[in-house]
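Colleague: I have a new model open and would like to learn how to read it. Could you walk me through a few features, one at a time?

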Amino acid sequence: MSTTIAFIGLGQMGLPMACNLQKTGCTVHAFDLSSQACTKARELGLGVAASAREAAEGAAVVVSMLPASRHVESLYLGDDGLLAVLPAGTLVIDSSTIAPATVQAVARAAAARGVLMLDAPVSGGTVGAAAGTLTFIVGGPASTLEAARPVLQGMGKNIFHMGDSGAGQVAKLCNNMALGVIMAVTAEALALGTAHGLDAKVLSQMMAVSTGRSWATEVCNPWPGVLDNAPASRGYGGGFGNDLMLKDLGLAVEAALGAGAAVPLGELARNLYALNSRAGRGQLDFSSIQQLLGAK
Ligand code: NAD
């Protein structure tokens with residue numbers, strides 16, 4: 001690909017994604033508000049701009065990977081926002097996990113200027129970002145997705161078109177709400193079993209081939225020592241942070257309120273991860289919920 005791409009947000013996910021795009025032959029103009037993140041990007045061979053606007057100059061595509069709704073609003077909207085300067089026909093792909101209503105507002109402002117926009121949040125975590133195997137969960141017009149497909153394929157393996165603008169975010173929130181609830185109940189089951197003297201490893205092995213099986217039992221088991229490669233076996237370091245799960249569950253509850261849907265388990269899980277955060281485990285992997293629900 002010979003496209004010039006502005007990549008905004010060079011954190012845990014954005015930096016490896018931008019590096020993968022550069023490997024496809026694109027010219028990447030990267031930017032992050034954090035000078036530390038910019039230094040890391042330069043060390044990895046990316047061209048770093050002095051501002052988001054400078055990064056976007058001459059770019060046919062803008063990809064953003066920012067923490068939350070307010071960061072995306074401040075990047076694109078308002079007099080200083082990118083939409084005020086992007087030429088018509090520019091393609092904007094926002095891969096941050098944010099509120100569906102926010103991305104819809106940004107997409108409306110983009111459309112008013114002739115800028116094409118997709119919400120394309122991802123699943124696959126930092127491992128998938130580095131390996132270029134992310135799943136993109138996309139909302140927006142089908143024709144815009146076709147234009148974006150080569151760019152997305154440079155960073156991921158699976159692409160799902162969920163519907164119009166915001167639908168990618170809704171689907172991502174559905175997935176993460178299920179994940180958060182399943183992790184919490186798996187931790188609860190392991191705490192119950194071990195309280196009765198069961199071996200957590202044997203219990204997990206049994207569940208992994210029975211009807212209680214899930215990603216939480218098989219890949220990211222929350223009980224320390226059950227799986228050598230899981231965050232639980234390295235003090236819950238790395239992985240997907242408790243506070244990111246807390247953010248996503250908050251967005252899911254908010255989205256449910258907006259649509260009149262009931263998500264009682266999602267709401268309960270949001271409170272559990274909030275308690276886990278208050279206990280000082282906000283930066284640890286979300287499977288550290290095991291510590292809240294009973295661990296050895
Ligand atoms: P991160 O905090 O590591 O990185 C975000 C970066 O954005 C930071 O470096 C920050 O300085 C930068 N930033 C914030 N506002 C900016 C602005 N206006 N202009 C330029 N840079 C700005 O976050 P992350 O882990 O890379 O996650 C990014 C998004 O992806 C989040 O929405 C998260 O929920 C989602 N996500 C994360 C994971 C994961 O495993 N970490 C997995 C799937 C999805």
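Modeller: Gladly! Let's begin with a cut-off: a residue counts as buried when its relative accessible area is under 20%. Keep in mind too that this is a predicted model.

Colleague: Thanks. With that cut-off, is Lys172 buried or exposed?

Modeller: Lys172 has a relative accessibility of 6%, so this residue counts as buried. You will find Lys172 in helix 8, which covers residues 167-195. UniProt, in an unreviewed entry, lists Lys172 under "active site"; such annotations may be inferred rather than shown by experiment.

Colleague: Which residues does Lys172 touch?

Modeller: Leaving out residues up to four places away in sequence, Lys172 touches Thr97, Pro121, Val122, Ser123, Ile137 and Asp248. For Val122 there is a polar detail as well: its backbone oxygen lies 2.8 Å from a polar atom of the Lys172 side chain.

Colleague: Why is strand 8 described as largely enclosed by the rest of the structure?

Modeller: Because six of the six residues of strand 8 are buried.

Colleague: And which strands pair with strand 8?

Modeller: Strand 7 (residues 122-123) pairs with strand 8 in the antiparallel sense, over two bridges. There, Ser123 has Thr135 as its bridge partner. Strand 9 (residues 156-163) runs parallel to strand 8, and six bridges join them. In that pairing, Ile137 stands opposite Phe160.

Colleague: What do strand 8 and strand 9 make together with helix 7?

Modeller: They make a right-handed β-α-β unit, with helix 7 spanning residues 142-153. To check the hand yourself, point the strands away from you: the path from the first strand over the helix to the second runs clockwise.

Colleague: Last topic, the ligand. Which residues come nearest to it?

Modeller: There are 22 residues around the ligand, and Met13, Asp32, Pro67, Thr97 and Lys247 come nearest. Thr97 is also among the residues that Lys172 touches.

Methods. Residues numbered from 1 in each chain as written. Predicted model: local features only at pLDDT ≥ 70, side-chain atom pairs only at ≥ 80, totals over all residues. Heavy atoms only, no water. Buried < 20%, exposed > 50% of the residue type's maximum accessible area, 1.4 Å probe, protein only. Helix = DSSP H or I, 4+ residues; strand = E, 2+ residues; numbered from the N terminus. Pairing = 2+ DSSP bridges. Contact = heavy atoms within 4.5 Å. Polar contact = N/O pair within 3.5 Å; in protein donor to acceptor, adjacent residues only side chain to side chain. Near = heavy atom within 4 Å.
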